[in-house]
Amino acid sequence: MSDLVIGIGNPLRGDDGVGWWLARRAQARGRAPGTRPAPMVRLVPQLTPELALEVATARRVLFVDAWCVGGAEGGAGQNPAPLLRPLRPGEGGEVGVAGGHALAPGALLALTALLEGTRPPGWLLLVPAFAFPHGAALSADLRARLPAARRLLAAWLADA
Amino acid sequence: MTRTVVIDPVTRIEGHAKITLQLDEGGHLVEARFHVTEYRGFEKFCEGRPFTEMAGITARICGICPVSHLLAAAKTGDKLLAVAIPPAADGLRRLLNLAQLTQSHALSFFHLSSPDFLLGWESDPAKRNVFGLMAADPELARAGIRLRQFGQQILERLGGRRIHAAWAVPGGVRTPMDAETRDWILARLPEERATVERTLELYKGLLDGPLRREQRTFGDFPSLFLGLVNGEGLWEHLDGGPGGGLRIRASDGTVLADRLSEDDYRGFLAEAVEAWSYLKFPYYRLLGYPEGMYRVGPLARLNVCERIGTPWADRELAELRQRSGSGPAGVITSSFAYHHARLVEIVACLEAIERHAADPQLVEGRVRSRASLNRNEAVGVSEAPRGTLFHHYRVDDDGLITAVNLIIATGQNNLAMNRTVAQIAREYLPDPVPANAEIPEPLLNRVEAGIRCFDPCLSCSTHAAGQMPLRLELRDAAGALLAERSR
């Protein structure tokens, strides 16, 4: 079974595209000799229910997303840093469903369990996001944090 | 004292919006306003870009229906090149749009709206969602997800990438369909037919029972309807072809305008602006604002066409008109019928997908006409899941965009959505509203459900994880908060 990396966001809305940016790096790493299969990579604007059918086939799932500095996630502080953490069982199981076409990562995993009877372990890689203008450019504040985010991504991919 | 009830933002629709119910001094409802408070700004952003990039750029306006913008942009590009696309490319674009309609309608019906129908308006809002649906009817929930997946996988297989694949280009498409994709589609169709057949049976039973009141009170009013038809007046979703085009039909069945060309859209459509919303208010120019209110989308497409042109879909359309329509043309005026119309359109899509998938030229045919820029202005049109979509570009001699106007389906339904919310509020709010009234959850959900009939897609261009809570505020004329409710 492969790992699944899901990059979430809009690459034409500034820092919102960082999920895609990092997921593409995971795709580019490919498969090293003697290692597990290369990760499957999905680039999506939001999580939708049919993704559960794919999640069910994965060994582990990593959701890569931007988080708004000042929001609840990650604890903004004065110098917010990228964050990698496991999704707790039941976390977000129903929260986020009201958000429309989009599901929260925890809700997608919960839906996967209901639909397919399996729930691969999930992780979140969240990168502080500062600006959402039209355009593909990431903000200087976010770019300064990309090396740390890439190290977290590499660590997750290397963790068999 | 004038008071205002605010629902902010609306849940289970795309983008950010709020609903204000304006009460007069006696506590009677005066009007409803569906505010769109997020400015998207993509039209300005496109200026200076090559027109050949427009498909890829505009497809990123929306993560739910990117194909709609992709096709409208490609069709506008065809006109700037002044080329006729190969027949195989037309068939492939049609297949793409049919898959898009299927997946979008499946998401709207099964995941967003059916929890209301199947679990009940008074059910716990924490469970009135796809999880509640899984618990109540796991087979249906799973089938709905697989139907959505079917459409998504066609998009992915044709375009090479599920979202934002710039596969449709000015002049045609990039690649033909491979034989494996054709075989996969044809093998999967029986399952999807069975899903829709069972769902239609279930839904008709609900219409005969618990949903009777909603049919009558969820936006049932006269209006115009606009959509594409082909040269024989049949259902159309991409290009009317010779003798076809845009048709406007009134609620009494009268065809007010026919065979309209998108090139002349400014002649028959105009857009009003209100200070309280970023969403414009298109209307039929000849009747003025707001009398020229019209609706687009699945219900409008089924109202403007004579019939669909495939056997099962025509039977379902006839039954829909018999159940919900009136007059010799069987025009349906209840916005609640958008849900039923989506199911009928899925039937039409599945029948048309089968026909296109079996067409050998989609695997073998020439798929792209090549030319350089030959015109400096063009208008393209397509039928998106939510309705008619116009792209209008002006370019300089280097093909760089100098001006863009996008008229999106949700905007065209704007007036009708306001009218729908007002009708629901009048039906379900006490009249007059007592000063200390609490707004019960089932009422809130009905107001929101009235909006969801149109499946509006306002903007999902920045998703901002963790947002979209629901907040209800009751404010007096001075803006003071009288009551608040959130979930």
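Biologist: Start with helices α6(B) and α7(B). Which hand is the crossing?

Modeller: α6(B) passes α7(B) in a left-handed crossing. Keep in mind that this is a predicted model.

Biologist: What kinds of residues make up the contact of α6(B) with α7(B)?

Modeller: By class, there are 10 nonpolar, 5 polar and 8 charged residues in that contact.

Biologist: And the geometry? At what angle do the axes of α6(B) and α7(B) cross?

Modeller: Roughly 145 degrees. The axes come within 10 Å. Here α6(B) covers residues 138-159 of chain B, and α7(B) covers residues 179-208 of chain B.

Biologist: Switching to strands. How many residues of β6(B) are buried?

Modeller: 6 of the 6, over residues 224-229 of chain B. So the strand is largely enclosed by the rest of the structure.

Biologist: Which residues sit on each side of β6(B)?

Modeller: One side has L224(B), L226(B) and L228(B). The other has F225(B), G227(B) and V229(B). Both faces are covered.

Biologist: What about β7(B): does β6(B) pair with it in the parallel or antiparallel sense?

Modeller: Antiparallel, over 6 bridges. β7(B) is residues 245-250 of chain B. Within that pairing, L226(B) has I248(B) as its bridge partner.

Biologist: And β11(B): in which sense does it pair with β6(B)?

Modeller: Parallel, over 2 bridges. β11(B) is residues 294-295 of chain B. There, F225(B) is bridged to R295(B).

Biologist: Now G292(B). Where is it found?

Modeller: In the loop between β10 (281-284) and β11 of chain B.

Biologist: Is G292(B) buried or exposed?

Modeller: Buried, because its relative accessibility is 0%, and the cut-off for buried is under 20%.

Biologist: Leaving aside neighbours within four places in sequence, what is G292(B) in contact with?

Modeller: L224(B), Y283(B), Y284(B) and L287(B). L224(B) belongs to one side of β6(B).

Biologist: How far apart are G292(B) and L415(B)?

Modeller: In space, 9.4 Å, C-alpha to C-alpha. In sequence, 123 residues.

Biologist: Last topic, confidence. What is the mean pLDDT of chain A?

Modeller: The mean is 83, and 82% of chain A's residues reach 70 or more. Over residues 72-76 of chain A, though, pLDDT is below 50. That stretch has 11 contacts in the model beyond near neighbours in sequence.

Biologist: What about residues 94-99 of chain A?

Modeller: pLDDT stays under 50 there too. The model has 20 contacts for those residues beyond four places in sequence.

Methods. Residues numbered from 1 in each chain as written. Chains lettered and ligands numbered in written order. Predicted model: local features only at pLDDT ≥ 70, side-chain atom pairs only at ≥ 80, totals over all residues. Heavy atoms only, no water. pLDDT = per-residue confidence, 0-100. Contact = heavy atoms within 4.5 Å. Buried < 20%, exposed > 50% of the residue type's maximum accessible area, 1.4 Å probe, protein only. Helix = DSSP H or I, 4+ residues; strand = E, 2+ residues; numbered from the N terminus. Pairing = 2+ DSSP bridges. Axes fitted to C-alpha atoms, helices over the stretch in contact; angles between N-to-C directions. Left-handed = near helix turned anticlockwise from the far one by under 90°. Nonpolar A, V, L, I, M, F, W, Y, C, P; charged D, E, K, R; others polar.
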